[in-house]
Amino acid sequence: MQEINVKIINQKISSSNIFISQNLSKKFELSMECRAKMKTSKDEDDKSVLLNIELNIGSKDEELKMELVSDIVFELDQLPDDYNAIAEQKLVPMARETLLNSLDDILVVMGYNKMELAKKM
């Protein structure tokens, strides 16, 4: 596969839903589900890609549930041969890490400690 460099040029969180129970124990295990849809430009020379991504994070006992939906625009340094491969290998992991860091920032604003979700997931 060709080596393509990507960078995020715009990110917008369109929906967030965070539930943290007062009964949440100090130790809990999280699971994460990630869904993504990619849209490319109709202009063949445009090297940007829009990724709509939905993250669902929760604990087994459902005392913690978080959902984020975001649109992230990436700029690629060259057009890929296989958009699906670049999405799987670079775009989705990069978007997921960025969203988890944003979620940590949101939790701090809400008065919680940073969970450092990007490192744990």
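Tutor: A nonpolar core is a set of buried Ala, Val, Leu, Ile, Met, Phe, Trp, Tyr and Cys residues joined through side-chain atoms within 4.5 Å. Buried means under 20% relative accessible area with a 1.4 Å probe and protein chains only; over 50% is exposed, and partly exposed lies in between. The model is predicted, so local features need pLDDT of at least 70 and side-chain atom pairs need 80 or more, while totals for chains, interfaces and linings use all residues. Residues are numbered from 1 along each chain as its sequence is written, and side-chain values use heavy atoms, without hydrogens or water.

Now the core itself. The largest one has 25 residues. M66, F74 and L91 have the most contacts inside it. β1, β3, β4 and α1 each give two or more residues. Helix α1 gives the most, with nine. (Helices are DSSP runs of H or I, at least four residues; strands are runs of E, at least two; both are numbered from the N terminus.)

Take M66 up close. Set aside its neighbours within four places in sequence. M66 is then in contact (heavy atoms within 4.5 Å) with N17, I18, L55, N56, I57, L103, L107, M115 and L117.

Next, the elements around the core. The protein chain has two helices and four strands. Along the sequence they follow the pattern β-β-β-β-α-α. The four strands form an open, antiparallel sheet in the order β1-β4-β3-β2. β1 (6-20) and β2 are the edge strands; each has a single partner, so one side of each has no neighbour in the sheet. The twist from one strand to the next averages 15°. Helix α1, residues 83-109, lies across β1, β2, β3 and β4. Its angle to β1 is about 50°. (Axes are lines fitted to C-alpha atoms, for helices over the stretch in contact; angles run from 0 to 180 degrees between N-to-C directions.)

Walk across the sheet from β1. Strands pair if DSSP finds at least two bridges between them. β1 and β4 run antiparallel, joined by 13 bridges. Here V6 stands opposite L76 in β4. Strand β4 (residues 64-76) also runs antiparallel to β3, with 11 bridges between them. In that pair, L50 faces V73 of β4. Strand β3 (residues 48-59) then pairs with β2 (residues 30-40), again antiparallel and over 11 bridges. There M32 is opposite I57 in β3.

One turn deserves a stop. The hairpin of β3 and β4 has four residues between its strands. Among them, E62 takes a positive phi near 60°. S59 belongs to strand β3. S59 counts as buried because its relative accessibility is 8%. A polar atom of the S59 side chain lies 3.2 Å from the backbone nitrogen of E63. (A polar contact is a pair of N or O atoms within 3.5 Å, one able to donate a hydrogen and the other to accept it.) Leaving out neighbours within four places in sequence, S59 touches E29, L30 and L64.

Last, the whole chain. The protein chain has 121 residues, and 28% of them count as buried. Its C-alpha atoms fill a box of roughly 55 × 25 × 20 Å along the principal axes. Take contacts between residues at least 6 apart in sequence: 68% join residues at least 24 apart.
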